[in-house]
Structures are given as C-alpha cells and as structure tokens.
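Me: I would like to learn how to read a few features of a model such as the one below. Could you take me through them step by step?

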Amino acid sequence: MEHKIVDHLFRHHYGKMVAILTRFFGLSYIETIEDAVQDTFIKATSQWRTKIPENPEAWLNRVAKNRTIDILRSLQAEKNRNLTITTGASSLQIDELFLDHEVADSQLRMIFVACHPSLHPNEQIAFALKTISGFSTKEIAAALLTKEETITKRLTRAKKSIQKNNIQFTYPLPEAIPNRMESVMEVIYLTFNEGFHSTNHDKLIKEDLCGEAIRLCQLLLKKEQFRSGSLYALFALLCFHMSRLESKISSDNQIVNLQHQDRTKWYFPLIKMGNSAMNKAMEYDDTSVYHYEAAIASEHLNAKTFEDTNWENISSWYKQLYAFQPTAFTLLNQAIVSLQLNDFVKTKQLLQQSDVEDLGQRAYLFYGCYAELYIKMGDKNLAISYLDKALEQTSNKLEKQFLMRKRNNLR
C-alpha cells in the first residue's frame, strides 16, 4: 500500500519539489536537487512501511529541503567556503515557496527553462519530461520512441547547456513566448499520451500522467500572456480523451476498444469543459494540430453509439490534419477510418504509403490495421499472419492479451 502512495505522490509532487528547490538554490544545482528529491522518495518508501505520516506532502517537502541543504553544505565544505544563494529568491523564506501560488509559479518557470532555445528540441522535451513530470529515462525513451542511452545523453547535454549559457530561472520575454509555447505544448501532449496509452509493460493507462498534463495546461491558461487558440485546443483535446478513460479498461482488466466501450461511463463534465475550451480556441487566429485532433475526438463523443459515428466527417478532418502536418500516425489513422467506411482499396493504398519504421513502438497498430482489413475481406489466414506481426511488436501485456483474443477468435 505504501508503495502505491509513494508512486502517486511521486507523480504529483516530484516536479513541484524540483521546481521549488531550483527556484531557491538555483539552476546550477539542478542535479543535486534531483538527487535530493529522489533520495526523499526512497526514504519515504522505506520509512512509511510501518506508519504513513498524517501529511505526506509536507513530510516530503521538509525532507527534500533538508536533504538538499545537507548535500549543498557538503559540497561547499569541500570547496572550503560558505553556502551562498544568488538566485533572487534568497529574500523569501524557503517554506513560503511551498505555498500553492508559489508552487505554480515555480513550475511554470521550470517549463520555460526546459523549453529554452539554447537547448536542442530533443533535449528540451527529454529534460522537461524528467524535471517536470518525473519520467524515468525508460519512460522518456518510450514516449519519444528512442533508446534509453540516447535519452541519457540528451539529459546530460541539456544540463551542460543550462550551465554553459547561464540560463536563468525566469519567464521568457513577451516576444519569445509564442515560439517557446510550441515546445511547452508538445511536452504536455507527450506526457498525456504516455498516460492515456502507455508503453509500460504492465499498465495501459497511467491516470496520474494524464492528470499532470491537464494540470500543467490549466496552470498556463491561468496566465493571460500564455493563452492562445492552440493552448485552448490542446486543453480541449486532453479533456475529450480524459472523459473516456474509465471505459477503456473492463472490470476484469481487459482492453475495451472504442466500438465496445460503455458510453454511459464517459464523463460529461470533462466533455463540457472541453467544448468550452474549443469555443475559446476559436476566438484566436492561430491554428494547430490540436484543433484538428480535438475536432476528431469531438466527433467520437458526439456519436451516441459506435454505429452513429460520422466517419465521413472524421475522414475529412484527418485529410485536413495531414495537409496541415503530415505524419505517419495521421496516415495510419486515415487508413483506419477508410476501413470503417469499408473502402478496402483506399485502406490498402494508405497502408502502403505508410512507413512502419516511422511508427516506432506503435508499429503494432499498423499490423493490427492490416489484420482488420483482411478480417473484413474474409481472409483469415492473412489476418492471423498480421496479428502475429502485431504481437511481435507489442510490449504491453494488455495489448498482447487483446490481440491474442482476436487471433484465437479467428482460429
């Protein structure tokens, strides 16, 4: 039980604690701070076996603060000089920085530090997922469809760039905000995706990551200077997806595809919140992939049953999305929609246009689509061969079980 509580608090508070302590001690101590926060959660796992403190969050904050001070004192003692704090936050008592409005401010600063132009885009995303959302190196590698050793190198380079360029723990200048926000939104989007459809071996959904992404989006929307049509559209998209979360997994822990989901479990208040955000998004001039993706998600939510889905509308949205920003995933989704419209020729054409290599760890979806195509065409043998390929490409246990059930039904 204590492990679940620690894991939950880690997801919710790792980024907060790193941001607050960084604001106080400075970005030059970021590695020390991360180590201190990690040590704190390890200590919690050990000490909470017998008794969980009345206020776990306060316990974590206090221990992390003290651990950071201890480490820094040790470092300073080695250099034979006193600890000095030159971050501009020295006039504030550190405890005051743990107040809600200061926590939010510190996290927003950290988001913009992570997405600083001195860092390569790949480094920005890896650093942000690590420091803000507490992703492990393995989780970052999965989210970015790359190797763990590559992520380790990116994180090292990011920290070196912060030191070398003397990046400050501040907000960007007004004229730099639009460009910086593109990276910020991508980080939030990737965080949500890893929660909504995880590449984790055992767990398909990580609600904490989804909630973290929505919370970060809300933090940004509270500040007028960060608002845009794209940010509102992203928030709408996350609300729409989050509203379906409960219906994705059955009571016996099996994947339920969209066709068989219990739509009475869809959470209407989140859908309403998403609709409101989309109305706000239309008040701005900018357009983004999030506008198109939110429109597609909305089409699914508007259908009372799977059979009522307006696949023609969805197909049109995907065509517009592909014209706006062509990706392998959009092409694959177009193929899936064509299959729902029973246009087998078009489905095959789109799949043949797709490069499965570009799909990385989601390649099993490509083979799964081919399998569905041959199921509908009545060729069970070919369908089974593609399901076998999909199974080879799948790391998630629930996905494997889902594909195996489909394969067994064909046999």
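Predicted model: local features only at pLDDT ≥ 70, side-chain atom pairs only at ≥ 80, totals over all residues.

Me: Which residues is Val37 in contact with, leaving aside its neighbours within four places in sequence?

Reply: Val37 is then in contact with Tyr14, Met17, Val18, Leu21 and Ala64.

Me: Where is Asp39 placed, and why does Asp39 count as partly exposed?

Reply: Asp39 lies in helix 2 (residues 30–47). The class of partly exposed covers relative accessible areas between the buried limit of 20% and the exposed limit of 50%, and Asp39 belongs there because its relative accessibility is 28%. Not counting residues up to four places away in sequence, Asp39 touches Arg67 and Ile71, while the C-alpha atoms of Asp39 and Ala64, 25 residues apart in sequence, are 7.8 Å apart in space.

Me: At what angle do helix 11 and helix 12 pack, and which residues make the contact?

Reply: Helix 11 (residues 268–281) and helix 12 (residues 289–302) pack at about 140°, with their axes 11 Å apart, and their crossing is left-handed. Ile271, Asn275, Met278 and Ala281 of helix 11 make the contact with His291, Ala294, Ser298 and Leu301 of helix 12; these residues divide into 5 nonpolar, 3 polar and no charged.

Technical notes:
Residues numbered from 1 in each chain as written. Heavy atoms only, no water. Helix = DSSP H or I, 4+ residues; strand = E, 2+ residues; numbered from the N terminus. Buried < 20%, exposed > 50% of the residue type's maximum accessible area, 1.4 Å probe, protein only. Contact = heavy atoms within 4.5 Å. Axes fitted to C-alpha atoms, helices over the stretch in contact; angles between N-to-C directions. Left-handed = near helix turned anticlockwise from the far one by under 90°. Nonpolar A, V, L, I, M, F, W, Y, C, P; charged D, E, K, R; others polar.
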